[in-house]
Amino acid sequence: VISKLPQTGTNIFTTMSALAAEHGAINLSQGFPDYSCSPELIELVHKAMQNGHNQYAPMAGVMALREQIAIKTEKLYGARYDPETEITVTAGGTQAVFTAISAIIHPNDEVIMFEPAYDCYAPAIKLMGGVVKSLELEPPDYRIAWDMVKRLVSNKTKMIILNSPHNPTATILSREDIDELSALVKNQDILILSDEVYEHLVFDGQEHHSMARYPELQQRSMIVASFGKTFHATGWKMGYCLAPAYLMQEFRKIHQFLVFSVNTPLQYAIAEYLKDENTYMSLPAFFQEKRDHFRSGLEQSRFKLLPCSGSYFQSVTYDAITDEKDTDFAIRLTKEIGVAAIPVSAFYRKGTDRHVLRFCFAKRQETLDKAVDKLIKV
Ligand code: GLN
């Protein structure tokens, strides 16, 4: 076969998790909790199954869930999405991203994105024959220089991909970024794909600037959200997409042939669980405590902490320890020290190495403590 993605190998999450398992290392690489999701939620899944919700869900998702998503979105961001035509339940955030890109991008369309970037954007663009125009951001603050973004815009620009809170850098978009973005897309035919899977993981009382909050952005945005991140159940592969009807119509054309519909009993369970807003409103405090605990532990080490405003990732630089490449150091750290991390160069198409490692702190305190014990000896 002639490969459609000749440059693509096994992704970094699979690679590092496998290496961690092989060497019995504490796995702070791939982002997932090492504690259970809520027993109440599991009970709701049982109940949904017992109640006979075991056949195909409607293509766009169980209506009860779409209604709850609409209520939550309106409550948090003031935007009213029509469950009938503007909300689709997906098999996780990644499926929503892929579906959105497939629905919009034609050959030679240009897509602006920022690197480091989550690894599923660029391959999807390439598969559709699109062209990635990216801007590399620099640690420690990874600020977007909007005048540079302006220079990437051409008459072929179809989409801009945003991700806030950001994986891997833990930055969030500011109000100024939103203003710059609004000015950039104004009177242009540019759509926005907004990956907001960490929407509830924003710290220090800061606000999440969802595209849903700004009408002029909202009407050109496809927003991706994740129940895996929100409810500590990444293995459930449950998420959703919000988009104005004219975009959602195209999204669903692809969705119906990619997966048709997604897991029925989980949708009923999540619909019920979402009725209590505390299930997601409690998340910032929950994760902020973990962040602070992990950071104060690492402060005793020779790693240098980068800022962390959101997501469940903490990045560090390590220039006081070694000048190894981040990939080499991450492998050595896993094998010799017993802690696995993600080398952030994996989030750049060119493999740009700024000597940054990403740790996931969605872990029990005991796990974080064990990891810190090892990391302070490096
Ligand atoms: N989102 C997770 C992370 O960034 C990984 C998901 C995956 O393994 N594809 O670690």
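In this predicted model, the shell around the ligand contains one nonpolar and three polar residues, with no charged residues. The residues concerned are Phe13, Gln30, Gly31 and Asn167.

An unreviewed UniProt entry lists residues 26-375 as "domain: Aminotransferase class I/classII large".

Two helix pairs were examined. Two packed helices are described by the angle between their axes and by the distance between those axes. Helix 3, formed by residues 63-77, and helix 11, formed by residues 264-273, have axes that come within 8 Å and cross at roughly 35 degrees. The crossing of helix 3 past helix 11 is left-handed. Helix 3 contributes Ala64, Leu65 and Gln68 to the contact, and helix 11 contributes Gln267, Tyr268, Ile270 and Ala271. By class, five residues of this contact are nonpolar, two are polar and none is charged.

The second pair consists of helix 13 (residues 283-298) and helix 15 (residues 365-375), whose axes approach within 9 Å and cross at roughly 20 degrees. Helix 13 is therefore roughly parallel to helix 15. The crossing of helix 13 past helix 15 is right-handed. On helix 13 the contact is made by Lys290, His293, Phe294, Gly297 and Leu298, and on helix 15 by Gln365, Leu368, Asp369, Val372 and Leu375. Five nonpolar, three polar and two charged residues make up the contact of helix 13 with helix 15.

Methods
Residues are numbered from 1 along each chain as its sequence is written. This is a predicted model: local features need pLDDT of at least 70, side-chain atom pairs count only at pLDDT 80 or more; totals for chains, interfaces and linings use all residues. Axes are lines fitted to C-alpha atoms, for helices over the stretch in contact, and angles run from 0 to 180 degrees between N-to-C directions. Helices (H or I, at least four residues) and strands (E, at least two) are DSSP runs, numbered from the N terminus. Angles under 35 degrees count as roughly parallel, over 145 as roughly antiparallel, 65 to 115 as roughly perpendicular and the rest as oblique. A crossing is left-handed if the near helix is turned anticlockwise from the far one by less than a right angle, and right-handed if clockwise. Two residues are in contact if their C-beta atoms, placed from the backbone, lie within 7 Å. Ala, Val, Leu, Ile, Met, Phe, Trp, Tyr, Cys and Pro count as nonpolar, Asp, Glu, Lys and Arg as charged, and the others, Gly among them, as polar. UniProt positions are given in the numbering used here, feature names are shortened, and annotations may be inferred rather than shown by experiment. A residue is near a molecule or strand if its C-beta atom, placed from the backbone, lies within 6 Å of it.
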